[in-house]
Amino acid sequence: SFASAILQAFTAIAIVAAQVREKHEFEGEEVVAANAAYANGLQKFADLAGKIVAITALGSVQHYQLAQIARVKGFDLAGVTVTTLYTSGAIARAVADGTVDAAILPAGYARDVITANWGRLVGWISEIDEQQTGALFAASRTIRTKRAVVEKFVRAYRRGVADYAQAVLRRDRYGKRVNDEVSRAAAEIIARYVFPDRANGAYAVENGAAYMDPKARIDIADLARQIDWLQAQGFVEKDIDVRDVVDLSFTAGD
């Protein structure tokens, strides 16, 4: 499976800092419903029970998120028909043409689907769970043989994360995202790399920037929960422990 392949690779690499995560009040992954399904009552997370839902792959982050929705909302995941389409673009098209009832999509793709009136928003995954979804990795051999280099890179990375948070993750007293010259300048730089061919790339970055812990700290407790779920589904070997895949020494003391 996808998850097994990733975790097997952790014999050669290790997580050394955090990247994006789900955070309450911040966009991340979103559940969107096809227009016909929404009109027929699929308007809340609980309405996913018994429906056809598109994700990227079995054992993926989205598969885990769908399982969390089922757990929190009290329905059986086994009753959901899970369709794997491997790319967010293919999933968005499936929602648009109604071949699936719903899907889990990154914020940018979900916003495009909704803006084009191809589907409707059901909710943000961050309403269900604050989950670690991204990480910074280093080769285990490099950590052993060139630790000073890794430490230097992680320090620079964490300064970048802090700058990112200060520029695009600010909220005002009412909890609304702050958009100003600082956020726009940062968004324009980021968009050059993540949306090089998109006319409104800076706008998409500024208004849909995913949450990152300002100190790039890893939520190891959440990673442990994810591994437990993957093991329960048979995607990952039982002897893998979260401490086997994370090196906390690079963020120690924060």
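A residue is called buried when its relative accessible area is under 20%, exposed when that value is over 50%, and partly exposed in between. Keep in mind as well that this is a predicted model. With that word in hand, look at Arg-170 and Asp-180, which are both buried. Their side chains meet in a salt bridge, with N and O 2.8 Å apart. Arg-170 and Asp-180 both lie in the loop between H7 and helix H8 (181-194), so this pair ties together parts that are 10 residues apart in sequence.

How many salt bridges does the structure hold? There are eight of them. One joins Asp-219 to Arg-21, and here the closest N and O atoms are 3.1 Å apart. This pair links distant parts of the chain, since its two members are 198 residues apart. Asp-219 sits in the loop between strand S9 (211-212) and H10, while Arg-21 belongs to strand S2 (residues 20-21). Asp-219 and Arg-21 are both buried.

Another salt bridge brings together the side chains of Glu-151 and Arg-147, at 2.9 Å from N to O. Where do Glu-151 and Arg-147 lie? They are in helix H7 (residues 147-168), and because they are four residues apart there, about one helical turn separates them. Are Glu-151 and Arg-147 buried or partly exposed? Glu-151 counts as partly exposed because its relative accessibility is 30%. Arg-147 is partly exposed too, with a relative accessible area of 30%.

Now let's turn to the aromatic rings. A pair of such rings is described by two things, the distance of the centres and the angle of the planes. The count for this structure comes to three aromatic pairs. In one of them, the ring centres of Phe-26 and Tyr-211 are 5.1 Å apart and the planes meet at 50°, so the pair is tilted. The reason for that name is that planes under 30 degrees apart count as stacked, over 60 as edge-to-face, and the rest as tilted. Phe-26 lies in the loop between S2 and strand S3 (29-34) and Tyr-211 in strand S9, so the pair ties together parts that are 185 residues apart in sequence. Phe-26 and Tyr-211 are both buried.

Trp-229 and Phe-235 make another tilted pair: their ring centres lie 6.1 Å apart, with the planes at 50°. Both Trp-229 and Phe-235 are buried. Which residues do ring pairs link into a cluster? They are Tyr-64, Trp-229 and Phe-235.

Next, let's visit the surface. Asp-228, Glu-237, Asp-239, Asp-241 and Asp-244 form a negative surface patch. Asp-241 is partly exposed, because its relative accessible area is 39%.

There is also a nonpolar surface patch, made by Ile-189, Tyr-193 and Val-194, with an area of about 340 Å². Val-194 lies in helix H8. With a relative accessible area of 49%, Val-194 is partly exposed.

The backbone has something to show us as well. Tyr-86 has a phi near 75°, a positive value in a residue other than glycine. You can find Tyr-86 in the loop between strand S5 (81-84) and helix H4 (88-97). Is Tyr-86 buried or exposed? It is exposed, because its relative accessible area is 59%.

Ala-216 also has a positive phi, near 60°, in a residue other than glycine. Ala-216 lies in the loop between S9 and H10. Its relative accessible area is 1%, so Ala-216 is buried.

Val-72 lies in helix H3 (residues 61-73), and its relative accessible area of 39% makes Val-72 partly exposed.

Technical notes:
Residues are numbered from 1 along each chain as its sequence is written. This is a predicted model: local features need pLDDT of at least 70, side-chain atom pairs count only at pLDDT 80 or more; totals for chains, interfaces and linings use all residues. Side-chain values use heavy atoms; hydrogens and water are left out. Patches are made of residues with over 30% relative accessible area and no salt bridge: like charges are joined within 9 Å, nonpolar side chains (Val, Leu, Ile, Met, Phe, Trp, Tyr) within 5 Å. Accessible areas come from the Shrake-Rupley method with a 1.4 Å probe; for residues, only the protein chains shown count as cover. A salt bridge is a side-chain nitrogen of Lys or Arg within 4 Å of a carboxyl oxygen of Asp or Glu. Lys and Arg count as positive and Asp and Glu as negative; His and the chain ends are not counted. The place of a charge is taken as NZ of Lys, CZ of Arg, CG of Asp or CD of Glu. Buried means under 20% relative accessible area, exposed over 50%, partly exposed in between (1.4 Å probe, protein chains only). Rings of Phe, Tyr and Trp (its six-membered ring) pair if their centres lie within 6.5 Å; planes under 30 degrees apart count as stacked, over 60 as edge-to-face and the rest as tilted.
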